[in-house]
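Subject: Structure handover

Hello,

Here is the structure I promised you. Please open it next to this email and follow along.

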Amino acid sequence: MQNFENFYSKFSTFLKDFNYKNSSQKEGVLKILYINDDHLSAAEIQERFHQEFKENISLTAIYQFLNFLEEIGLAISFEESGIKKFELNLNSHHDHLICTKCCKIVSFYDETIENRQDIICENKKFKIEGHTMILYGICKECQK
Ligand SMILES: [Zn+2]
Ligand SMILES: [Zn+2]
């Protein structure tokens, strides 16, 4: 597994692409998810955050960030005995649509697009390390 600093520097660039404000609290939440292989509830994250950084973070702040991570496909959540648990989703890749009116983010994955990118890089003898694709537009609800 890559180390957290590497992961985090990539993630910060990613946040900028989404115009999402970064903070040391977000970094902390992300680190807790990163070092715990286990899936955690927001309350467990809050507790570990306190243990690790000797600092308090509100549940609302945790939820907001977790929901954002989930929207962009970087975290997944599931219910475990009625409690919502989260874990990082580092292995699957997603691209995104962003509505410029309501800022909703929709993730998608398209095999053809992914394959074309590989072919382009191969043709240009370019060693690809990653990519971010964001399509901007107006979502279905906002078109009404
Ligand atoms: Zn992609
Ligand atoms: Zn919209």
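In what order do the three strands of the open sheet with mixed pairing stand? The order is 5-4-6. Before going on, please note how to read the rest. This is a predicted model, in which local features need pLDDT of at least 70, side-chain atom pairs count only at pLDDT 80 or more, and totals for chains, interfaces and linings use all residues. Residues are numbered from 1 along each chain as its sequence is written, chains are lettered from A and ligands numbered from 1 in the order in which they are written, and side-chain values use heavy atoms, with hydrogens and water left out.

**Overview**

The protein has five helices and six strands. Both kinds of element are DSSP runs, numbered from the N terminus: helices are H or I with at least four residues, strands are E with at least two. Along the sequence the pattern reads α-α-β-α-α-β-β-β-β-α-β. The C-alpha trace spans about 50 × 45 × 30 Å along its principal axes. The domain assignment gives domain 1 (4–88) and domain 2 (95–137). Such bounds come from an automatic or database domain assignment.

Strand 5 (105–108) and strand 6 (134–137) are its edge strands, and each pairs on one side only. Neighbouring strands here are turned by 20° against each other on average, direction ignored. The axes behind such angles are lines fitted to C-alpha atoms, for helices over the stretch in contact; angles run from 0 to 180 degrees between N-to-C directions. Strand 4 (residues 95–99) and strand 5 pair in the antiparallel sense over four bridges. Two strands count as paired if DSSP finds at least two bridges between them. D95 has F108 in strand 5 as its bridge partner.

Contact here means heavy atoms within 4.5 Å.

Strand 2 and strand 3 (residues 83–88) are joined by six bridges, in the antiparallel sense. Look for these pairs:

- E80 is opposite I83 in strand 3.
- E79 is opposite K84 in strand 3.
- F78 has K85 in strand 3 as its bridge partner.

The hairpin of strand 2 and strand 3 has two residues between the strands. There, S81 takes a positive phi near 40°. S41 has K85 as its bridge partner in strand 3.

**Salt bridges**

How many salt bridges does the structure hold? There are three. A salt bridge is a side-chain nitrogen of Lys or Arg within 4 Å of a carboxyl oxygen of Asp or Glu. One joins the side chains of E44 and K85, at 3.4 Å from N to O. E44 lies in helix 3 (residues 42–53) and K85 in strand 3, so the pair ties together parts that are 41 residues apart in sequence.

**Where the domains meet**

The C-alpha centres of domain 1 and domain 2 lie 24 Å apart. Seven residues of domain 1 are in contact with seven of domain 2. About 600 Å² is buried between the two domains, and carbon and sulfur atoms give 61% of this. Buried area is the accessible area (1.4 Å probe) that two parts lose on being put together, summed over both. In domain 1, D17, F18 and E71 lose the most area to domain 2, together 71% of what that side buries. Helix 1 (4–17) and helix 4 (59–71) are the elements that give two or more residues to the side of domain 1 that touches domain 2.

Best wishes
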